[in-house]
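Good morning, everyone. Please look at the screen while I walk through one protein chain.

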Amino acid sequence: MDFSIKTFDAKSTVNATKTGCLVVGVFENKKLSASATALNSKGEVAAALKSGDISGKAGSSLLLRSLDGAAAERVLLVGLGADEKNVTDKAYLQAVNAAAKMLTGLGASDAVIDLPMPQGRDLSWTIRSNVLAFHESVFRCDAMKSKKDPATNGVKKIAFVAPAKDAATAKLALAQSTALANGMNLTKELGNLPPNICTPSYLAETAKKIAAEFKMGVEILDRKQLQALKMNSFLSVTNGSDEPPKFIVLKHMGGKAKDAPTVLVGKGITFDSGGISLKPGANMDEMKYDMGGAASVLGTMRAIGEMKLKLNVVAAIPTCENMPSGRATRPGDIVTSMSGQTIEILNTDAEGRLILCDALTYVERFNPAAVVDVATLTGACVTSLGHHNSGLFTRHDDAHDKLANELLDAGKQTGDTAWRMPIEEAYNEQLKSNFADMANIGGPAGGSITAACFLERYTKKYTWAHLDIAGTAWKSGSAKGSTGRPVPLLTTFLMNRAG
């Protein structure tokens, strides 16, 4: 889909716009947006609203053809909610999604979107919301199908209206939004691939392709190198699998040479059977999504690479399978992590923290400005927060509160929201072991919190936050598929850091 910006100056009018379809807004109180008013010279738009052909309710729509006084072949009316003076984020997104759905089925070749912005939002937010909605409307999960899903014959070129004075801002927002959408698409594609295709080696090859396309540094560490680094916690998870583990390091050095990098660490379990602590068979196929953290980090790196973001960012991705076999790690085994701390493995299905803890130790060498790890870590986080918010965990002090607020604000900017959860010393009592420095689980109570407390023990030398995305990285049921989250949150967080 090809996007562009259409600017209006004082002499140009919306009703003179030549396009296959012009999208404008209407409201439940029978009011028209400014662009809809300009098209209402013969009263046809107001009549359609008054007659009840369209309610104005957010997400409602009505297609009009050959409207008198309009140069556009079609005019698509979309509802923006109750009141023209208070367009909410939710109502706007419903309207945009309705427009995207309609336009993908139209015979028109191009369209112009001219909708009023929600209260408190700016041009960049509205352009990003539109770009992501239209990308989502044409995204397909048919990569592995012998017969592809039917291609839509809908609109291929879409222009967003902006005032002439804001042309530069709009064009920058469009370029950044397109890069973000491309990053999300990569994350979704990786997540949706089956685990016999998307292996640790496949993720490593993907990282190499990103590095080549966007001129990043890349290093792939194999088993012998991991052994030399004494990443025994990470390696314990790989014992039962024939697939070789990989540790991916991807560097986007867009800032000043001496600037400390922001580090993203992504959990990359390409299939999680639970190991010896085998998961139930129902829905186990969805454990291909247990590399959602890795996929989102790769998608974010692709996005900032396309943006040429002026910030130093390092991605560190430990990736492997967690499988049962005669070689697999057993409940009761004790391993020594790269940090030297020992871990009693009471449950082999709590494996994400075992690969992340060595990665979190490894990234100390970068003297990071901040580290954010991203992981589909615990079902307990889904129980706590459902599928709306990712769980955000970090320590409580000025530096960590600042980092937490940066991440929360980035989530609010994009709608890819997170909710801060506690990390307190009291929860560490649940991780005590009689035989090692710690156990890898703390029981069912507060499971997402004790998992974060486990990781926190490996992050004492830098500012750190943990995102548990188990409830937000993919959807189940008839809508099964990767969501592309939290690429918007992470990318916007990095953009804000770059200024």
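How many of the residues of helix α10 (residues 352-362) are buried? The answer is 11 of its 11 residues, so the helix is mostly covered. Buried means under 20% relative accessible area, exposed means over 50%, and partly exposed lies in between, with a 1.4 Å probe and protein chains only. The buried residues of α10 include R353, D358 and Y362. Helices (H or I, at least four residues) and strands (E, at least two) are DSSP runs, numbered from the N terminus.

A word on the source. This is a predicted model, where local features need pLDDT of at least 70, side-chain atom pairs count only at pLDDT 80 or more, and totals for chains, interfaces and linings use all residues. Residues are numbered from 1 along each chain as its sequence is written, and side-chain values use heavy atoms, with hydrogens and water left out.

Now the whole chain. It has 15 helices and 20 strands. The C-alpha atoms fill a box of roughly 85 × 50 × 45 Å, taken along the principal axes. With 499 residues, a compact globule would have a radius of gyration near 23 Å. This chain has 25 Å, which agrees. That radius is taken over C-alpha atoms, and the globule rule is 2.2 Å times the number of residues to the power 0.38. Of the 499 residues, 57% are buried.

Next, contacts. Contact means heavy atoms within 4.5 Å. Take contacts between residues at least 6 apart in sequence: 77% of them join residues at least 24 apart.

On to helix α12, residues 398-414. Buried residues of α12 include H400, L403, A404, L407 and G411. An α-helix has 3.6 residues a turn, so residues three or four places apart point the same way. What covers the buried residues of α12? The cover includes α4 (123-138), β14 (370-375) and α15 (487-498). D397 caps the N-terminal end of α12, with a side-chain oxygen 3.2 Å from the backbone nitrogen of A399. After α12 comes G415, whose phi is positive, near 80°.

Helix α14 (residues 447-456) holds T450. Is T450 buried or exposed? T450 is buried, because its relative accessibility is 0%. Leaving out residues up to four places away in sequence, T450 touches Y427, Q430, L431, G442 and A445.

Now some strands. Two strands pair if DSSP finds at least two bridges between them. Find I334: it stands opposite E344 in β13.

Strand β3 (residues 61-65) has two faces. L62 and L64 form the covered face, while S61, L63 and R65 form the uncovered one. Five bridges join β3 to β4 (residues 74-79), and the two run antiparallel. L63 stands opposite L76 in β4.

Last, the loops. K480 lies between β19 (474-475) and β20 (481-482). K480 is partly exposed, with a relative accessible area of 36%. Which residues does K480 touch, not counting residues up to four places away in sequence? They are D285, E286, Y289 and K475. The side chains of K480 and D285 make a polar contact at 2.9 Å. A polar contact is a pair of N or O atoms within 3.5 Å; within protein, one must be able to donate a hydrogen and the other to accept it, and residues adjacent in sequence count only if both atoms are side-chain atoms.

Most residues other than glycine have a negative phi, and most peptide bonds are trans. Here are some exceptions. K215, in the loop between α6 (200-214) and β7 (217-221), has a positive phi near 55°. K215 is exposed, with a relative accessible area of 77%. K230 has a positive phi near 60° and lies in the loop between α7 (223-228) and α8 (232-238). K230 is exposed too, at 57%. Finally, the peptide bond from R485 to P486 is cis, with omega near 0°. P486 is in the loop between β20 and α15.
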